[in-house]
Amino acid sequence: MVHPVDTGASEFRMLRSLSARIGADPLLVQGAGGNTSIKQSGVLWIKASGTWLKNARDDEIMVPVALAPLLDAVAHRSPAAEAAGQFTLADLNPRQLRPSIETTVHALLPQKIVVHVHCVETISIAVQANAEALLEGRLRGLDWAFVPYRRPGLPLAQAIAERLKPATNVLVLGNHGLVVAADTVAEAALLLQRVTGLLARPPRPAPPPDLDALLRLASGSDYRLPASTAAHAVATDLASCRIAASGSLYPDHVIFLGIGSVIAGPGENAAAVVARNAAAPTSILFPGKGVLMRRDANAGAEAMARCLADVVARVDGVARVNYLSPKENADLLNWDAEKYRQQLNREGTTLQ
């Protein structure tokens with residue numbers, strides 16, 4: 001079998017270029033989130049778990065998976081579908097990378113090109129209790145389907161299979177993100193642009209952070225200011241802070257930042273917040289002031305801190321929000337595939 005890069009296949013090069021472009025846009029993809037794929041000659045080439053789409057032009061981040069046996073495993077609800085790595089083609093995967101945890105989603109869609117993003121515009125709708133009704137008004141005329149939240153992997157693939165119709169090329173995943181599919185990279189890029197445009201809304205304005213106060217609150221602790229000034233908006237805007245305070249909104253938040261958000265109480269500094277928690281949180285929200293990140297927080301955590309601010313700023317302050325349940329949080333943290341991503345995130349390997 002010939003590696004598509006070796007053949008100089010233009011469609012594969014175009015997918016790598018599109019992947020890098022969307023991976024560099026924090027409103028579409030954050031950190032190691034999101035994934036893209038292409039089907040060629042019975043092989044599904046998909047982004048490797050834990051790698052960053054923005055590196056698609058320069059690094060070998062795509063993994064070859066034998067499509068037919070994987071689809072057979074999904075059809076038979078075989079546990080093997082949960083470990084798509086066993087369907088990889090070893091001779092074309094010298095780095096022994098694992099395929100994305102969402103490989104089954106890409107396999108199920110019949111189109112040649114599949115693009116999955118954690119678009120903040122989409123997530124801000126997909127976390128709301130009336131998400132399907134909101135989408136109906138915005139996506140009318142498109143072949144789309146809404147899929148209520150299921151854990152990524154086989155449960156999500158099965159939920160998609162139940163709603164998938166022959167012409168469906170847009171999926172909005174509850175509390176998760178957006179999938180678009182097409183037969184060419186150019187068509188997929190246009191469809192992604194169209195859908196994200198239809199779902200776009202301006203973020204709620206947020207007051208600037210009180211950096212002097214935050215530095216005082218961090219004094220003597222293992223906390224620092226976040227890399228992105230935009231991350232502070234989740235705390236300086238009190239409506240956003242209330243939404244974030246109530247629980248986990250989507251899977252990657254749980255994986256990279258932990259369950260929910262830790263909110264400082266009146267008069268508390270970072271050291272006091274740590275003292276009342278079983279473990280030092282990755283980030284702390286100080287209402288009206290801004291955010292502090294644990295000093296060892298890496299780029300993946302930083303990206304998700306910015307993502308949280310971007311998502312909640314687009315949710316109406318009076319909206320009814322669906323949060324991940326305690327069981328759904330636990331399922332994510334205890335799932336072997338996500339433990340692998342957590343390990344990569346901690347080690348900082350293949351992530352940048």
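**Strands, cores and a cavity**

Mentor: Strand 8 (residues 223-224) and strand 11 pair in the antiparallel sense over two bridges. Pairing requires that DSSP finds at least two bridges between two strands. This is a predicted model, in which local features need pLDDT of at least 70, side-chain atom pairs count only at pLDDT 80 or more, and totals for chains, interfaces and linings use all residues. Residues are numbered from 1 along each chain as its sequence is written, and side-chain values use heavy atoms, with hydrogens and water left out.

Trainee: What is the bridge partner of Arg224 in strand 11?

Mentor: Met293. Strand 11 also pairs with strand 10 (residues 283-286), in the antiparallel sense over four bridges. There, Phe286 stands opposite Gly290 of strand 11. Strands here are DSSP runs of E with at least two residues, helices are runs of H or I with at least four, and both are numbered from the N terminus.

Trainee: Which residue takes a positive phi in the hairpin of strand 10 and strand 11?

Mentor: Gly288, with a phi near 80°. The hairpin has three residues between the strands.

Trainee: Why is strand 11 called largely enclosed?

Mentor: Because four of its five residues (290-294) are buried. Buried means under 20% relative accessible area, exposed means over 50%, and partly exposed is in between, with a 1.4 Å probe and protein chains only.

Trainee: New topic. Which residues of helix 11 are buried?

Mentor: In helix 11 (residues 238-245) they are Ala239, Ser240, Cys241, Ile243 and Ala244. They pack against helix 10 (233-236), strand 9 (262-263), strand 10 and helix 14 (299-312). Just after helix 11, Gly247 takes a positive phi of about 150°.

Trainee: Why does Ser240 count as buried?

Mentor: Because Ser240 has 2% relative accessibility. Leaving aside neighbours within four places in sequence, Ser240 is in contact (heavy atoms within 4.5 Å) with Arg204, Ala233, Val234, Val312 and Ala313.

Trainee: And Val311, where is its place?

Mentor: In helix 14. Val311 counts as buried because its relative accessibility is 0%. Beyond its neighbours within four places in sequence, Val311 is in contact with Val120, Ile123, Ser124 and Tyr250. Val311 and Glu121 are 190 residues apart in sequence, and their C-alpha atoms are 7.0 Å apart in space.

Trainee: How many residues has the largest nonpolar core?

Mentor: The count is 40, and Ile22, Val115, Val117, Leu135, Leu139, Leu178 and Val195 have the most contacts inside it. Helix 8 (residues 185-199) gives the largest share, six residues. Apart from this core lies another, of 34 residues, including Tyr250 and Phe256. A nonpolar core is a set of buried Ala, Val, Leu, Ile, Met, Phe, Trp, Tyr and Cys residues joined through side-chain atoms within 4.5 Å.

Trainee: What does Leu139 touch?

Mentor: Not counting residues up to four places away in sequence, Leu139 touches Trp144, Val172, Val195, Leu198 and Leu199.

Trainee: Last one. How many cavities of 30 Å³ or more does the search find?

Mentor: Two, in the whole structure. On a 1 Å grid over the protein atoms alone, a cavity is a set of points where a 1.4 Å probe fits but cannot get out, and lining residues have an atom within 4 Å of a point. The lining of the second largest cavity includes Ala231, His253, Val291 and Leu308. Helix 12 (251-257), strand 10 and helix 14 each give two or more residues to that lining.

Terms used. 1 Å grid on protein atoms, 1.4 Å probe; cavity = no way out; pocket = protein on both sides within 12 Å on 5 of 7 lines; lining within 4 Å. Points joined across faces, edges and corners; volume = space filled by probe spheres on them.
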